[in-house]
Amino acid sequence: RLQAQVACFPSFLPTQLVAMRAAVCIAAAVGACPCGDESLCKPLTTPAAAREILAFTTGDSWRSYLNLQPTVTTVAVFGAGAAKVDQELVCKAHQQGARVVVGVEMDKTKIPDAAARTQWVDSLVPRMAAEGIDGFNLDIEGNTGNKEALTALVKELAEKARAANPHAQLSFALSIYPQGQTGGYEHKALAQYLDFILPMTYDLCWGAGAATANSPLAAQAKGIQQYSDLGIPATKIVMGLPWYGWDFPCDDATPWASCKVTVPSGKQWYGYVTQQSYTSINATAVAAGAKLDAASQTMFTEEVDGAGQRHQRWFDNPATLQSKYHQAASLGCRGVGFWTADEVDWTTGEGADMWSALTAFSQEEVLV
């Protein structure tokens, strides 16, 4: 495998030839289209959906939801599958009119280097024709400088991707609170090159000293207002929401009491407090019951571990997600997305129940 990589991208290869060489190498690696209709393994050339339902996926959950209603419009592939997109996914998604995009990240230390930016872009764009994918979801988190260079990177990617396919989709996962990111991101400038921004309205409990909501309802309106203040309308926003929750080890053992969290010496908050799949937390809720935190529209449940320590587990379920999808529509958002469709059990009714909550967005009118 290493020899094949060297043959495709030798160190002496001029930057201007990267795109041509990449297309040949990727095409050879991908192989024949598994679909009966070869056109289904090519990028879509139809206009983008007016309203987005975007499913992040890190596994093969797409096999379970592509035929469900409301219809998914974009599948964003992350994880190991992003290195080489499953051609069956491409073909089956395209049969439903859904786009397939790949999550991509560039080393932030290289962003100021124009030649490095060009080489990165030229390594990505040929994948659209070679793998039949429809674009890219940028996931360049924690940028704190060189924001003009980051904008230049997105501009170059947009221009080259849309030269290859005028309907190529580009999006960027950013914070729900952009005013805290302005040192590293030119939000309005970025927006002009993107189909939409996907604010990550989750992990808002990060670093908390007590168990609390992952994605409080109020965050949406606050975030939309901040984007509006930066000149970005809600119609440019696809609201990202969680299909997972957090487990908080509590300091005391009193059932259902407020759960204060003191991180032991030598440990970090992340790792002591842990991210958990919906399936895992829902199993606890079924066994022990759950309560609603009405203010944040978030469920929480409890369990005691083998060492006798109480844990509170905060999560969203179909009911709380319905309220959040409904609010996203009421705020005028272009769409909703969720991380990730692989956090639920599709062999039971759990996955279908989570999916059905999306009707709270799809059946609402977007406000313009």
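This is a predicted model: local features need pLDDT of at least 70, side-chain atom pairs count only at pLDDT 80 or more; totals for chains, interfaces and linings use all residues.
Buried, here, means under 20% relative accessible area, while exposed is over 50% and partly exposed is in between (1.4 Å probe, protein chains only).

Residues are numbered from 1 along each chain as its sequence is written, and side-chain values use heavy atoms, with hydrogens and water left out.

## The disulfides

Searching the whole structure turns up 3 disulfides, each being a pair of cysteine sulfur atoms within 2.5 Å. Take Cys33 and Cys41: they are joined with an S to S distance of 2.0 Å. The link is right-handed, with 70° about the S-S bond, and both Cys33 and Cys41 are buried.

Next up is Cys35, which is bonded to Cys91 at 1.9 Å from S to S. This pair ties together distant parts of the chain, 56 residues apart: Cys35 sits in the loop between helix 2 (18–30) and strand 1 (52–57), and Cys91 in helix 4 (residues 87–95). Helices (H or I, at least four residues) and strands (E, at least two) are DSSP runs, numbered from the N terminus. Cys35 and Cys91 are both buried.

Then there's Cys250 with Cys259, whose sulfur atoms are 2.1 Å apart. Their link is left-handed, at -110° about the S-S bond, and again both cysteines, Cys250 and Cys259, are buried. Cys205, on the other hand, is in no disulfide: the nearest cysteine sulfur belongs to Cys259 and is 12 Å away.

Now for strand 7 (residues 238–242). Since 5 of its 5 residues are buried, the strand is largely enclosed by the rest of the structure. In a regular strand, side chains alternate between the two faces of the sheet. In strand 7, Val238, Gly240 and Pro242 point one way and Met239 and Leu241 the other, and all are buried.

Strand 7 runs parallel to strand 13 (residues 335–339), with 5 bridges joining the two; strands count as paired if DSSP finds at least two bridges between them. One of the contacts to look for is Pro242, whose bridge partner in strand 13 is Trp339.
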